[in-house]
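Biologist: I would like to learn how to read the chains, contacts and cores of a model. Please take one feature at a time.

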Amino acid sequence: MGFPQMLRMAWRNLWRNGRRTMLTLASIAFGLLLAILLTAMQDRNWADMIDLAARLGGGHVTVEHAGFLDAPTLDKTVRGSDAIAERARAEPGVTRVVVRIVGQTLLSTATKSRGARFVGIDPTREDSTTLAVANAFSEGAMFPSAEGEGIVLGSRLAENLGVTLGKKVVYNMTDRNGELVAGLARVSGIVHTGSPGVDGGMCLLPLNTLRKILGYAPDEATQVAVFISDQRRSDEVAARLGATLDSGTVALPWHESQPELAGFIAMKVGGANFMKILIAVLIAAGIFNTLFVSVTERMREFGIMLAIGYSPGDIRALVMMESLWMGLVGLVVGFLLTVGPYMYLHAHGLDMSAMVGKGGTEVAGVGVSSIFKVEIFPGNAVLIAVAALVATLAAGVYPAWRAGRVAPVETIRLV
Amino acid sequence: MSILRMAWRNVWRNRRRSLVTVAATTLAFTVMVLYSSLVQGYLVAMERNLLDLELGDVQVHDPRYQDDPSLYSSIADASELLARFDAKGYAASARLLGFGLGAGADASAGVQIQGIDVVRDRRVSRIYERVKQGRWLDPGAPHEVVVGSQLARTLVVKPGDELILLSQAADGSTANDIYTVRGVLQGVSEAVDRVGVFMTDAAFRRFFAFPEGAHEIILRRPPDMDVDAFAASVRELAPNERVQTWRELAPTLASLLDSARSIMVVVFLIVYVAIGILILNAMLMAVFERIREFGVLKAIGYAPGQVLLVILGECAMQTLLAIVAGLLLAWPGLWYLTRVGIDMGKLGGMAMMGVVLDPIWRGVVNPSVFTMPLVTLVAIVGLAAAYPAARAAWISPIRAIQHR
Amino acid sequence: MSTSDVIVAVEGVTKIYQQGRVEVRALRGLDLVVRAGELTALYGPSGSGKTTLLNLIGALDHPTSGRVLIEGRHLGALSRRELSHLRRDRIGFVFQAYNLIPVLTAYENAETVMALQGVEAGTRRRRVGELFAEMGLEGMEDRRPDELSGGQQQRVAIARAIAAGPAVVLADEPTANVDSETAERLLDIMGKLNEDHGVTFIFSTHDPRVMERARRLVRIVDGRVDGDGTREG
């Protein structure tokens with residue numbers, strides 16, 4: 001039997017009961033809408049979070065001393081950091097590479113003191129794509145070079161220390177020999193991000209000044225932070241970089257240097273995937289129901305078809321094609337239903353402040369804004385469409401099988 | 001009664017169709033019950049962690065402390081206040097707070113030093129349960145301190161190692177002493193894990209030359225009092241100080257916890273809408289298949305309301321079956337979730353808004369774990385069944401009987 | 001008497017089937033031979049087994065014992081696939097009612113068996129056109145079954161049954177659901193097809209008008225042949 005004829009017959013069979021078909025299509029479309037929006041929210045959100053974490057931490061891939069992750073003391077350094085940075089820049093997919101020194105310091109004024117994390121940077125090499133706080137200045141500005149006496153504080157930290165722009169701050173840290181060393185700085189800028197971990201516990205210092213104070217060589221540092229355009233390729237880039245490093249130095253992708261964030265994202269993604277599967281199963285049940293009833297209604301017709309020369313395989317193929325049509329039309333309707341809301345949310349984001357709080361929230365030290373952006377990876381959209389089609393076809397398997405098992409004589413006797 | 005019996009038999013008449021609908025509804029309901037248990041478990045644990053480990057129900061500070069959290073913004077008559085609270089039978093304990101530099105053999109970091117009355121503190125906080133290495137403080141060992149896990153990692157210290165603390169004392173001199181690490185805490189809060197050092201109150205007073213007063217008094221409410229009433233009562237007892245409930249101290253967290261509940265309901269609705277469509281479809285098919293039968297019912301004298309009851313009765317039976325089956329299926333799941341829980345692995349110890357998650361995620365069992373999924377399910381099913389039922393109830397008998 | 005033109009041979013066929021919990025003996029050791037070009041009516045009271053016999057000849061069912069041969073091929077020895085092909089290529093069916101596939105037009109219904117056989121479109125169109133012209137169905141090609149009268153539907157069914165050139169056409173009470181005028185017309189058509197084109201027909205019926213048109217009458221009573229006569233004219 002010709003393929004086009006069967007397809008035509010299957011199409012017409014679909015519309016014998018318009019209302020029922022429309023309802024089933026509606027459920028497929030609904031499922032697609034949910035799946036696409038959920039995934040789009042996740043894709044964008046987690047990508048943003050990872051990028052933000054990268055800009056708060058050590059990039060998407062961090063090159064550091066092998067023992068630094070477990071015991072982050074200032075004697076665990078990376079030598080030849082400039083050469084490593086050059087090599088990293090040459091890797092495909094890498095957008096920026098910066099060299100830094102990070103550690104813990106005690107900041108004090110005449111009357112107060114506070115501990116904080118410090119990040120030693122070369123401000124001429126960094127900007128908002130490498131450093132999240134670079135455009136969060138509420139007062140003042142970044143210090144001009146990697147030399148000198150500048151310091152930038154988080155807003156809460158500045159408050160707790162009781163300092164404002166221009167005031168002096170002493171910073172103490174333990175150098176590679178275990179000696180306490182100190183430096184003097186003037187507050188050149190204050191940043192405010194809304195994230196308590198950053199505002200209350202972070203400061204920026206000039207890289208070369210730190211090198212002198214800590215007795216580092218001119219190209220020594222504690223990390224080389226590598227930023228890439230697509231965070232999904234972190235492992236790839238880390239592996240390639242790692243191969244070029246000597247044995248005391250490693251290149252860690254973000255999920256190894258920030259395992260809690262990785263775990264959190266994995267858990268959320270797992271939860272969302274579970275939801276999507278659950279909804280898919282429920283919708284497939286609905287499709288199954290519809291197809292099954294439509295098959296049982298037509299048993300006599302199938303019997304006649306078998307009598308006049310259709311084979312059971314033809315009948316099964318016919319029902320599967322009805323299932324296929326259902327899936328394809330469902331996809332189209334789903335797409336039409338989704339495109340409007342998606343475009344809107346893509347442009348405006350979803351305001352989750354009712355659920356998350358106006359100032360956003362902070363997870364594993366990374367801030368999450370209260371406006372959820374929406375943007376789906378094209379690969380995921382295709383995956384969802386394919387999955388929807390497969391689910392629809394799967395729902396049709398049993399009804400098709402039943403239809404093919406009709407014994408012609410049984411049904412004709414039903415007159 | 002006979003209508004319900006008819007409804008029951010009708011459900012069994014078309015077993016296969018009923019089976020698919022009931023199976024799908026059961027699946028959805030079971031999953032939602034387990035999900036509800038997990039989310040509520042998470043909320044309960046988070047609130048408990050927040051209150052039991054850090055905030056208590058109500059805190060008292062000197063009015064200056066919020067803007068200027070220094071050694072000097074202290075509650076001068078702390079011991080008198082404590083006596084007043086004791087008289088009222090309120091659980092209360094004072095804390096001394098200071099900042100300084102902590103140094104291990106190889107590294108140093110800024111730390112927040114807390115001096116506590118070890119015995120009293122047990123009444124308001126369960127922080128002592130979170131010692132993962134070594135032991136909690138002992139008033140008889142004032143030179144031994146307990147540190148947060150992140151701090152221990154940063155300073156590379158473990159129980160038995162030495163810790164040097166440096167700071168500025170109340171009289172302006174340099175405070176400087178060597179202590180021994182007695183224990184390491186984990187999973188208290190992000191701040192404590194990162195920079196927390198705990199010592200006895202006597203040790204604190206000696207180190208900081210701070211003989212009197214306290215920076216913070218933590219109170220726990222009696223079980224029969226709600227938080228706001230409790231705060232009001234405390235305010236009366238301490239009119240010169242700043243008294244705040246935990247919600248005022250951590251408003252974002254409070255709203256996070258509140259809104260987590262509404263997120264849960266949204267999830268229910270989404271899952272149930274899928275079920276609703278399935279039920280709507282199934283019921284429409286059933287009604288149209290049996291339209292002649294309903295026409296006969298009306299012809300022999302059934303009122304529309306009674307036909308409505310027949311259909312809704314069938315739907316209710318199916319849903320009831322699904323709920324019972326769902327509960328039966330959920331039971332072992334709930335047992336597992338409450339007894340064993342989900343091992344969060346790497347997530348254990350992760351912080352959300354500064355509050356640390358338990359390493360084992362446990363579900364809870366309380367009435368609302370069941371009632372919320374149930375109520376939402378019934379609402380959606382009712383909505384879905386309304387249209388087909390109305391169609392059947394209001395058909396014209398003659399047209400129905402003549403239907404093909 | 002050559003055996004080469006024997007289309008249908010039924011040898012000692014018995015059929016017992018279950019109806020609920022009761023055992024029904026529909027056929028009891030029945031013998032029958034039908035040759036090419038015959039217009040045979042199986043008649044008898046209801047429940048005599050005519051429909052069952054037709055089902056067996058049409059390869060829709062299997063006898064409990066005995067053999068059925070179509071063009072010398074023993075049906076019991078054929079696989080399900082071979083039976084399916086046999087029904088497609090060698091046997092045509094006209095049922096009492098609901099013959100046509102509701103979603104196909106009259107033309108599509110008529111051509112469907114040829115399409116199954118893989119006959120190319122031009123040939124199909126010509127053949128159906130001829131048949132429709134002969135049966136007075138011009139202009140009805142694009143109508144759906146629910147837009148055709150009972151008689152028209154039966155005529156389309158007949159066109160479908162013979163379009164692919166089967167060895168025998170089986171008609172189960174073809175006039176049962178139509179009025180007398182239509183019945184006459186249908187019988188005219190089938191008679192003409194038999195006379196002018198040599199199409200072999202086997203009817204089952206209890207309608208005297210059908211019996212009048214048949215040239216061979218086989219009476220079935222209680223699952224056995226009770227009379228077998230040919231009529232001249």
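Biologist: What should I know about the numbering and the confidence limits?

Modeller: Residues are numbered from 1 along each chain as its sequence is written, while chains are lettered from A and ligands numbered from 1 in the order in which they are written. This is a predicted model, in which local features need pLDDT of at least 70 and side-chain atom pairs count only at pLDDT 80 or more, whereas totals for chains, interfaces and linings use all residues.

Biologist: How does the radius of gyration of chain A relate to that of a compact globule?

Modeller: The radius is taken over C-alpha atoms, and the globule rule is 2.2 Å times the number of residues to the power 0.38. For 415 residues a compact globule would come near 22 Å, but chain A has 31 Å. Along the principal axes, the C-alpha atoms of chain A fill a box of roughly 100 × 45 × 30 Å. The chain has 14 helices and 14 strands; these are DSSP runs numbered from the N terminus, helices being H or I of at least four residues and strands E of at least two.

Biologist: What domains are assigned in chain A?

Modeller: Domain bounds come from an automatic or database domain assignment. In chain A, domain 1 covers 3–52 + 262–412 and domain 2 covers 58–257. The centres of these two domains of chain A, taken over C-alpha atoms, are separated by 47 Å.

Biologist: And which domains does chain C have?

Modeller: Domain 1 of chain C is 6–90 + 166–230, and domain 2 of chain C is 102–159. Their C-alpha centres lie 24 Å apart. Their contact takes 10 residues from domain 1 of chain C and nine residues from domain 2 of chain C, where two residues are in contact if their C-beta atoms, placed from the backbone, lie within 7 Å. On the domain 1 side, helix 2 (80–89) and helix 6 (180–197) of chain C each give two or more residues, and helix 6 of chain C has the largest share, five residues.

Biologist: How many residues of chain B are in contact with chain A?

Modeller: On the chain B side there are 51 residues, which are in contact with 55 residues of chain A. Elements giving two or more residues to the chain B side include helix 2 (15–55), strand 2 (91–103) and helix 10 (251–289) of chain B. Helix 10 of chain B supplies the largest share, 18 residues. By class, the chain B side has 33 nonpolar, 14 polar and four charged residues; Ala, Val, Leu, Ile, Met, Phe, Trp, Tyr, Cys and Pro count as nonpolar, Asp, Glu, Lys and Arg as charged, and the others, Gly among them, as polar.

Biologist: Which residues touch the most other members of the largest nonpolar core?

Modeller: In soluble globular proteins, nonpolar side chains tend to be buried together. A nonpolar core is a set of buried Ala, Val, Leu, Ile, Met, Phe, Trp, Tyr and Cys residues joined through C-beta atoms within 7 Å. A residue is buried if 20 or more other C-beta atoms, placed from the backbone, lie within 10 Å of its own. In the largest core, of 168 residues, Ala28(B), Ile275(B) and Ala159(C) touch the most other members. Helix 10 of chain B gives the most to this core, with 16 residues. Apart from this core lies another of 130 residues, among them Ala53(A) and Leu210(A).

Key: Buried ≥ 20, exposed ≤ 12 C-beta atoms within 10 Å, placed from the backbone.
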